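Open the model in your viewer and switch to a cartoon view. The stops below say what to select and what to look for.

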Amino acid sequence: MSGSSIIGVDVGGTFTDLFFYDEDRTQFRTAKVPSQRGNEAEGFLLGLKVLGQISDFGAIVHGTTVGTNALLERKGARIGLMTTAGFRDVLEMRRRDRPHTWGLWGDFVPVVDRNMRLEVDERVLADGSIRMAVDPAEIQAQARKLLAAGAEALAIVFINAYANPANERAALVAAREVWPNDDVVASSEILPEIREFERTSTTALNAYLQPLVGRYLGKLQDALSGEGFKGQIHIVQSNGGVMSTAMARKFPVRTALSGPAAGVIAAGAIARAAGFENVITGDLGGTSFDVSLIAGGQASLTAQTTIDFGLVIRTPMIEITTIGAGGGSIAHVDRGGLLQVGPESAGSVPGPVSYGAGNDRPTLTDANVVLGRINAERPIGGKLARLDVEAAKAAILRHVGNPLGLDAMAAAEAIVRIANARMAGAIRLVSIERGHDPGNFAIMPFGGGGALHAGALLREVGLKLALVPRFPGITSALGCVIADLRHDQVQTVNLMLEGLDARRLDQRMIAEGKAAHAVVASAGVQVDRIDVIYELDMHYVGQTHTIGVTLPVAFGDNTTGIDAGMIRQAFEASYQAQFSRKLSGIPVKIVTLRTAAIGRRPHFDLAALAPSPDASIDKAKLEDRNVWFDGAWHRTSIWSRLELPTGTVISGPAILEQPDATTVVEPGLVARVDALGNIIIERQSA
């Protein structure tokens with residue numbers, strides 16, 4: 001161990017995954033331990049101790065689902081919202097959408113109760129002029145009311161604060177004088193951008209998470225200090241970059257898809273190194289299945305996402321589609337007599353029936369155990385000596401088989417097929433429904449359960465092949481290690497392109513670039529260089545929605561060298577690429593300036609993960625056993641995946657086992673080991 005070591009830690013709903021890398025020696029180790037739901041820091045420390053002496057570690061990069069789970073389960077803090085008179089119900093009105101467009105059911109409950117949303121007299125006009133200044137005494141009176149009602153955190157959102165934050169800043173100062181903690185935020189700090197609902201929602205959700213994430217990170221840092229850890233800990237953001245714990249406490253909303261984003265970053269690096277530019281990632285954990293599309297070697301970024309209906313977060317993040325279909329997803333027959341899998345999950349506590357921890361309802365993992373695809377004698381995670389196959393079979397028969405008139409094996413296979421169909425639907429959503437031919441894409445399954453379903457997804461969606469990474473179960477933890485540092489800033493500018501004062505915009509860009517660059521430079525993580533990227537949100541006048549336009553300029557101390565002609569050319573090229581046409585004679589507006597500073601981490605050579613020169617077929621072969629496929633038992637070869645040498649070709653049916661995951665090669669498919677130790681699964685040639 002040394003100060004040059006970096007550890008990626010991904011805390012999921014069922015397992016905590018760790019990847020240790022010594023940058024000087026180019027040596028790595030992995031670990032997988034059960035998560036401690038409700039006490040994630042305990043599982044975190046347990047995993048670190050498996051890898052060695054915590055006091056010897058250099059840096060830790062952490063992908064967390066604490067914020068995501070709090071939003072999905074509505075277990076954030078009780079918060080108050082202070083807003084401009086007349087705008088109390090922006091959160092409730094949303095965009096006047098509803099959970100089911102054509103349905104009659106579905107309510108929405110905001111994260112801030114109506115009695116906790118208070119109005120104050122203030123007004124900033126859209127041009128930034130102050131019509132009515134804020135009264136500090138009124139702010140403090142309203143803050144005391146919210147405190148008396150039990151508020152733990154406060155969000156301040158004034159109309160048009162993006163144009164001039166003076167009233168919000170004055171309110172912040174006044175509120176902090178009476179507020180008992182640091183959990184007070186204003187929209188001009190979180191999202192100084194036009195559109196009052198998205199700004200209100202993002203700011204409110206940030207406040208909703210602040211106490212929870214702050215307590216978690218505080219507890220984690222205290223525990224690490226108690227173990228003698230002297231390095232720095234950083235947090236993965238939803239945009240795939242990394243930030244300091246101080247920034248994570250201030251902007252916890254940016255961690256909403258932290259763990260899944262790290263997985264996509266790693267998947268992109270692995271795919272590029274293996275020679276595949278077009279990949280669809282499928283991260284199957286204990287609770288969810290997260291899908292993202294990488295085209296031309298680049299992950300898709302989106303300006304905002306909806307975590308759950310009405311919970312809108314507007315901050316740059318990797319575009320990920322999530323469904324409730326994980327290894328712990330519970331199978332049941334609904335009132336209409338149809339078999340469903342998820343979204344309810346058994347999680348890590350009590351876990352699947354086969355774990356023997358008190359759950360009596362079958363999960364997807366239980367179905368794979370009964371079918372023989374998961375080896376009950378060698379369960380992943382290291383906590384259990386073996387899995388209870390008979391208990392899993394009895395639960396499947398009781399809850400699924402008997403209601404549907406199926407025996408246990410047919411019911412187990414039905415559970416897997418339903419789960420596969422749901423996963424395939426998510427893959428189609430990010431590919432076919434967005435104009436991509438899945439036949440041009442490889443599927444990269446990872447997470448603890450992804451590689452169990454690789455072949456089924458390959459065939460069901462019509463994908464080119466499956467690319468299973470060397471360590472599927474700890475791919476997100478690997479992503480934490482190789483992720484770049486990143487800090488995003490946004491500022492509404494509202495400028496017409498015609499008659500643009502390019503020099504004034506240039507100076508704003510320089511100021512934003514310097515501020516973002518400074519955040520990354522002070523993070524304390526080794527980077528090769530820091531890139532600053534500028535993007536404008538623009539549209540033709542009269543349009544509602546904007547398009548992102550990346551500017552071909554370099555960050556400098558004095559000027560970026562932009563001019564109106566360059567901006568117009570970049571806008572028209574982006575518009576043409578997105579809509580296959582340009583509109584002539586219509587004025588163009590620049591709405592928002594987005595600035596990203598990216599600290600490029602040293603290159604991680606994935607060859608470090610390649611099979612050992614000592615690997616051999618003889619060492620890798622474990623046994624033959626019966627595994628259930630397509631309604632019958634098949635004699636199946638079982639292999640120790642990490643002992644397979646480069647170039648090995650194995651025909652299905654086969655099972656490849658390793659400590660962090662299991663890969664299933666179904667009948668009719670063939671697997672081969674590439675130079676980096678990845679498994680490539682394809683259809684068998686006729």
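**Stop 1: a parallel sheet**

Start at I156, whose bridge partner in β10 is A186. The model is predicted. Select residues 153-157, strand β9, together with β10: the two pair in the parallel sense over 3 bridges.

Now widen the selection to the whole sheet. This open sheet has 4 strands in the order β6-β5-β9-β10, with parallel pairing. Its edges are β6 (117-120) and β10 (184-186), each pairing on one side only. From one strand to the next, the twist averages 20 degrees.

**Stop 2: helices across the sheet**

Which strands does α4 lie across? Select residues 136-148 to see. Helix α4 lies across β5 (79-84), β6 and β9, and runs at about 170 degrees to β6.

Next, select residues 196-226. This is helix α7, which lies across β5, β9 and β10. Its direction is about 165 degrees from that of β9.

**Stop 3**

Return to I156 and show its contacts. Leaving out residues up to four places away in sequence, I156 touches M82, E168, A171, L172, A175, V184, V185, A186, S187 and T203.

I156 also belongs to the largest nonpolar core, which has 82 residues. Colour F44, L48, L71, I139, I156 and L224: these have the most contacts inside that core. Helix α7 supplies the largest share of this core, 11 residues. Apart from it lies another core, of 60 residues; I482, Y540, I547 and A597 are among them.

**Stop 3: an enclosed strand**

Move to residues 5-11, strand β1. Is this strand enclosed or open to the outside? Here 7 of the 7 residues are buried, so β1 is largely enclosed by the rest of the structure.

Show the side chains. In a regular strand they alternate between the two faces of the sheet. Both faces of β1 are covered. On one side sit S5, I7, V9 and V11; on the other, I6, G8 and D10; all are buried.

**Stop 4**

Look for V11, which stands opposite T16 in β2.

β4 and β1 pair in the parallel sense over 6 bridges. For one of these bridges, select V9 and H62: H62 is the partner of V9 in β4.

Terms used
Residues are numbered from 1 along each chain as its sequence is written. This is a predicted model: local features need pLDDT of at least 70, side-chain atom pairs count only at pLDDT 80 or more; totals for chains, interfaces and linings use all residues. Side-chain values use heavy atoms; hydrogens and water are left out. Two strands pair if DSSP finds at least two bridges between them. Axes are lines fitted to C-alpha atoms, for helices over the stretch in contact, and angles run from 0 to 180 degrees between N-to-C directions. Contact means heavy atoms within 4.5 Å. Buried means under 20% relative accessible area, exposed over 50%, partly exposed in between (1.4 Å probe, protein chains only). A nonpolar core is a set of buried Ala, Val, Leu, Ile, Met, Phe, Trp, Tyr and Cys residues joined through side-chain atoms within 4.5 Å.
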